[in-house]
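Welcome! Please take a moment to look over the sequence and the 3D view below before reading on.

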Amino acid sequence: MTATENPAAQQADQTYRPSTLQRFLPFVVAAVVPFILGATTDDLNFWWKAAITIAILALVARLAWKWTPRGELTHREDMRLWRTPSDRSWAALTMFGLLVLPFILASDFTPPMDFPWATWFAVVNLVLIFAMGAAAFNLLVGYSGQISLAHVAFLALGSIVGGIVGVQWSGGNMWLALPAAALAGAVVGAISGLPALRLKHLYLLLATFGFHFVMMLVWREYLQEYFGFVGIRFKGVNSPRIASWLHWLPGIDPDENGEFIITGQFRWYWVLMPITVLSILFMVNVIRTREGRAFAAVRDRDVSASLLGINVARSKLMAFALSSAVVAMSGVLASFYIGSRGEDSFNVQTVLNYAIIIVVGGFSSIQGAIFGSAFFWFLPEWFKWAREELWFVRDIEFLSDYPSEIDLAIKGFLVVIILMFKPDGLAGMWRDFKNWLSRSLARRNP
Amino acid sequence: MSGGGLDLRIQDLTVVYGGVTALDNVNITVPSGGFVSVLGANGAGKTTLVRSITSLLYLHKGRVRRGSIVLGGESILGKKSPDIVSAGVAQVPEGRKLFPNLTVKENLLCGAASRSDVSGIDESLEQTLELFSQLRPLLSQTAGLLSGGEQQMVAVGRALMSQPTLLICDELSLGLAPKIVHRLFELLTEINETRGTSILVIEQNASLALQHANDAYVLELGRVLMEGSATELKGNPMVQELYLGGGGEAHTSYAAIERPSRSRPLEHGQRPPVTES
Amino acid sequence: MLLAFGNFTADPSVNLQLLIGGLALGAIYAVVALGFVLVYKSTDVLNLAHGEFLMLGAYFALTFLISENLNFFLGVFVLLLVMLVFGLVVHYGIMRRMVGQGFFAIVLITLGIATIIRALLLIFYGPTERARLDLLPQGSFEVGGATVRHVDLVIFGVVALCVLLFFLFFKYTRLGLHMRAVADDIEAAAAMGIDPDKVYAMTWAAAMVMAGVGGLLFGHVTGAIDRSIEAIGLRAFPAAVVGGLTSLGGSIVGGLVVGVIEQFANGHLGTKWREPVAFSVMFVVLLVRPTGLWGRKDLERV
Ligand SMILES: Nc1ncnc2c1ncn2[C@@H]1O[C@H](COP(=O)(O)OP(=O)(O)O)[C@@H](O)[C@H]1O
Ligand SMILES: [Mg+2]
């Protein structure tokens with residue numbers, strides 16, 4: 001009797017259901033507190049702010065960990081995006097970090113050894129834009145296994161749509177250009193994916209590369225027809241702005257002329273961050289659905305996938321369309337953020353850059369793109385700083401003579417080394433670290 | 001020709017592919033000049049055994065985790081495949097694996113890749129063509145265009161071109177007409193008896209293998225389930241049940257395993273149905 | 001239509017000149033395509049670094065033949081020897097570990113190698129452009145109102161010779177046979193006692209040597225030697241694909257066909273049409289006949 005009861009009792013012990021409030025509270029805190037901190041801590045020293053931030057981070061993560069359903073999960077709980085305690089903690093932490101980051105970066109602060117605080121903000125924004133495009137690229141080549149080198153073509157497509165819809169038609173309406181680019185990207189993407197129905201591997205790669213060159217021609221012709229040599233200016237009168245009927249929103253105070261122009265790193269961050277996060281979450285979500293699992297099945301073996309009742313053609317085209325739509329959107333964002341796009345904005349080196357990003361990030365997971373693009377943009381900054389400030393690096397003349405070349409060499413070596421020894425890239429290392437951490441945490445307080 | 005065969009001793013062999021254990025503590029011995037057969041269903045680990053002996057696991061991201069493989073008193077584990085061929089191990093790979101774009105003659109010559117004695121190679125070519133006289137008119141044909149039986153002859157001939165002391169045949173009978181398979185097996189017996197070459201045949205077709213082999217092992221899910229002399233195993237009721245189709249008409253049974261009829265798509269994670277007969 | 005078309009001209013001497021220019025360009029494409037074909041045929045690797053290999057060859061030619069001022073034949077010998085060693089380094093240092101990895105990972109690693117070569121060349125040679133090489137005969141003669149340069153004829157001859165040598169090598173030597181065997185089925189080849197590792201090393205060495213030859217030749221006809229000449233690697237893709245990627249002779253035919261098409265597009269439609277037209281031709285060939293005009297028709301195994 002007791003022997004049969006005991007396991008059941010243990011089961012009951014392990015099963016834990018937080019209330020709905022508890023489940024959401026850490027996320028609410030993570031969402032609200034950064035703004036309160038940002039608005040109220042102006043007169044505090046930077047270090048105080050940092051200490052408070054870290055304390056709250058720890059608390060939020062701890063609560064998210066504690067208030068996670070455990071034990072026998074229902075199907076619905078099992079299908080959640082953040083399922084395990086560590087998933088939920090990291091999600092809450094990331095959310096908090098993303099929201100508090102702009103306030104930290106905008107604060108007036110000189111780090112030790114003149115670390116370039118100010119340029120960081122620009123880098124963070126670039127990371128966001130590139131992460132979005134690279135994640136979409138990863139969805140296609142990493143997750144769906146459809147090899148393509150046409151992603152830069154879709155960045156160009158984004159610029160074209162941005163030019164037509166956002167500049168020529170509406171004089172700076174990025175909000176219209178974004179959905180238009182998504183639509184155009186999806187349609188053109190599906191068309192560019194047509195060769196995938198017939199070709200594989202090498203041949204697919206070459207076909208998509210051919211598509212790249214065709215798109216480059218379209219881009220150059222478009223520029224010449226309407227803009228000439230200077231290229232498209234997405235700045236000045238063409239800067240995106242927040243429509244006047246939205247000016248009541250908190251945090252939006254229009255300028256003297258009654259407009260709210262999206263300019264400066266801080267404002268851009270609040271545009272780029274949500275779009276990037278949402279689109280990446282969207283893609284991560286897609287691959288958890290039936291449609292997304294079909295992508296992976298087709299990647300692993302498309303003939304067998306068709307035996308399983310998957311419509312292979314549809315799956316491949318969906319992957320192309322989805323990826324291209326997001327890449328085109330990131331192309332629009334990049335155009336407006338960087339402010340101008342000309343003949344030389346897209347070239348083979350750009351294709352290589354995205355390849356570097358997804359390799360370094362790890363091209364078996366979508367999140368890898370985030371690590372990859374952060375790395376891609378921070379490395380030169382860090383290297384520049386090291387060259388100028390670190391005494392033991394500063395004296396090596398060789399390094400300061402060839403800064404960008406050495407940058408390039410480092411990137412090349414990293415791609416080679418990562419592919420040889422750590423094919424899962426930074427995302428793989430991060431996963432290992434998280435697993436290690438949650439294992440050791442779980443051992444200490446089960 | 002070559003002297004007597006070398007003996008092969010495999011001890012405690014454990015092989016993994018990533019996290020999947022394909023062979024688990026396998027012990028198999030092929031005595032010098034012996035004719036040994038390893039039986040097992042699809043996925044039992046038979047091909048993995050061949051890959052381990054001939055050091056081809058690395059091409060499949062497989063790894064020997066434990067154990068030893070000793071040929072004629074010398075460990076061959078960890079050696080590179082060319083050295084193993086030089087040591088006297090030749091194989092007829094699963095599915096024949098001819099070089100489809102090469103001619104029959106070129107295929108045969110590739111079998112002698114480990115040798116450098118030009119006149120000796122010519123001599124072996126002549127001997128091989130005597131053994132398979134059918135191939136003589138086909139010498140300049142592209143191998144990929146031959147019939148299945150002819151291809152299998154080329155594959156066996158190619159393996160013999162290295163003058164092996166141990167010949168390994170992986171599923172020789174796969175996809176061939178019974179008559180041809182019988183002939184090939186008789187040839188193997190002849191080679192075994194006249195040249196003293198040790199022979200290891202890997203088979204799903206148990207009745208045929210047990211008919212020609214001296215000793216046999218039954219492999220299941222990576223483990224040696226049974227071992228003994230061929231006559232012993234033939235009389236074993238379990239072997240009869242599982243591998244001899246109750247009466248010895250093994251052909252029908254493995255054909256059925258090879259191509260299971262699927263009336264509906266498999267659910268995710270479901271194993272393909274194994275036909276019992 | 002927002003794309004402007006150039007004028008078509010019917011003047012025969014113009015067209016003849018375009019044809020000759022196209023064949024000359026095609027010969028260069030053929031050299032590059034031959035490098036792709038060698039590697040792809042034996043190792044199944046699409047070497048996106050081949051343009052950089054070629055650039056390496058051109059810069060080394062500069063060093064050995066101009067700066068060091070070696071005797072022409074000695075200089076070429078040293079150049080090819082150095083390239084051969086680099087090929088072995090690429091194989092034993094990097095590609096060897098990638099055997100059995102996914103196709104795209106291998107393509108990406110060649111991109112990594114390309115990046116490294118580009119960066120190192122920039123560091124060691126600097127960004128300034130150098131005058132093109134002038135060691136081959138520089139004159140020209142007239143045929144039917146069109147100019148034919150001697151150097152183009154030399155290039156032509158060298159390419160034909162290389163293809164012939166490789167053909168004989170593959171057909172009649174043991175190593176050539178083993179290389180073809182590995183290309184057909186690496187596992188079966190290994191099972192027969194052929195060392196795929198050695199074969200691959202030889203392949204990379206051969207491809208590098210071809211890149212050395214290509215760099216030497218291309219260094220004579222390019223505008224100037226600078227970092228932009230790696231682009232020849234990409235521009236030769238259509239040629240390699242049209243030729244079939246697995247056929248030595250195909251690389252010549254593909255090179256010439258694409259060279260001529262490009263030159264005509266260039267002359268009649270405008271420079272900007274050169275690449276799109278070439279890549280469109282490639283695109284169509286891929287869709288209609290993925291194995292190119294001469295490639296081998298391997299069945300996709302399931
Ligand atoms: N390349 C591989 N990667 C992962 N698992 C493999 C690989 N090859 C074989 N296996 C697994 O090893 C087991 C034995 O396979 P194999 O040796 O081919 O069996 P058999 O030849 O008896 O049919 C099977 O479960 C199979 O799934
Ligand atoms: Mg098998």
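## A buried valine in chain C

Is C:Val241 buried or exposed? Bear in mind that this is a predicted model. C:Val241 has 32 C-beta neighbours inside 10 Å, and because 20 or more are enough, C:Val241 counts as buried.

You can find C:Val241 in helix α10 of chain C, which covers residues 237-243.

## Chain B at a glance

Now let us turn to chain B, which has ten helices and ten strands. Of its 277 residues, 46% count as buried. Its contacts also reach along the sequence: among those between residues at least 6 apart, 69% join residues at least 24 apart.

## The six-stranded sheet

One open sheet of chain B is made of six strands, in the order β6-β7-β8-β3-β9-β10, and its pairing is mixed. At the edges stand β6 (89-92) and β10 (223-229) of chain B; each has a single partner strand, so one side of each is left without a neighbour in the sheet. From one strand to the next, the twist averages 15°.

Two helices of chain B can be followed against these strands. Helix α1(B) packs on the sheet and touches β3 (35-39), β6, β7 (166-170), β8 (198-203) and β9 of chain B, while its direction makes about 150° with that of β7(B). Helix α5 of chain B, residues 148-160, lies across β6 and β7 of chain B and runs at about 175° to β6(B).

## A closer look at β3(B)

What covers the picture for strand β3(B) is burial: five of its five residues are buried. B:Phe35, B:Ser37 and B:Leu39 are on one side, B:Val36 and B:Val38 are on the other, and all of them are buried, so both faces of the strand are covered. In a regular strand, side chains alternate between the two faces of the sheet.

Strand β3(B) pairs with β8(B) in the parallel sense over five bridges, and B:Leu39 stands opposite B:Glu203 in β8(B). The pairing of β3(B) with β9(B) is parallel too, over four bridges; here B:Val36 stands opposite B:Asp215 in β9(B). Strand β9(B), residues 215-220, pairs with β10(B) in the antiparallel sense over six bridges. Within this pairing, B:Leu219 has B:Val224 in β10(B) as its bridge partner.

## The four-stranded sheet

Another open sheet of chain B has four strands in the order β2-β1-β4-β5, with antiparallel pairing. Its edges are β2 and β5 (74-75) of chain B, each with a single partner strand, so one side of each has no neighbour in the sheet. Strand β4(B), residues 62-71, is joined to β5(B) by two bridges, and the two run antiparallel. Look for B:Leu71, which stands opposite B:Glu74 in β5(B).

## Around ligand 1

Which residues surround ligand 1? They are B:Tyr17, B:Val20, B:Ala22, B:Gly40, B:Asn42, B:Gly43, B:Ala44, B:Gly45, B:Lys46, B:Thr47, B:Thr48 and B:His60. Two elements of chain B give two or more residues to this shell, namely β2 (20-30) and α1 (46-54).

Helix α1(B) gives the most, with three residues. Sorted by class, the shell has four nonpolar, seven polar and one charged residues.

## Two crossing helices in chain A

In chain A, helix α6 (residues 117-143) and helix α14 (residues 348-361) pack at an angle of about 75°, with their axes 10 Å apart. The two helices are therefore roughly perpendicular to each other.

On the α6(A) side, the contact involves A:Phe130, A:Gly133, A:Ala134, A:Phe137, A:Asn138 and A:Gly142, which meet A:Tyr354, A:Ile357, A:Ile358 and A:Gly361 in α14(A). The residues of this contact divide into six nonpolar, four polar and no charged.

## Where chains A and C touch

The contact between these chains takes 36 residues from chain A and 36 residues from chain C. On the chain A side, the elements giving two or more residues are α9 (201-226), α14 and α18 (403-421). Helix α9(A) provides the largest share, 14 residues. By class, the side of chain A that touches chain C has 27 nonpolar, three polar and six charged residues.

Definitions and conventions: Residues are numbered from 1 along each chain as its sequence is written. Chains are lettered from A and ligands numbered from 1 in the order in which they are written. This is a predicted model: local features need pLDDT of at least 70, side-chain atom pairs count only at pLDDT 80 or more; totals for chains, interfaces and linings use all residues. A residue is near a molecule or strand if its C-beta atom, placed from the backbone, lies within 6 Å of it. Ala, Val, Leu, Ile, Met, Phe, Trp, Tyr, Cys and Pro count as nonpolar, Asp, Glu, Lys and Arg as charged, and the others, Gly among them, as polar. Axes are lines fitted to C-alpha atoms, for helices over the stretch in contact, and angles run from 0 to 180 degrees between N-to-C directions. Angles under 35 degrees count as roughly parallel, over 145 as roughly antiparallel, 65 to 115 as roughly perpendicular and the rest as oblique. Two residues are in contact if their C-beta atoms, placed from the backbone, lie within 7 Å. Two strands pair if DSSP finds at least two bridges between them. A residue is buried if 20 or more other C-beta atoms lie within 10 Å of its own, exposed if 12 or fewer, and partly exposed in between; C-beta atoms are placed from the backbone.
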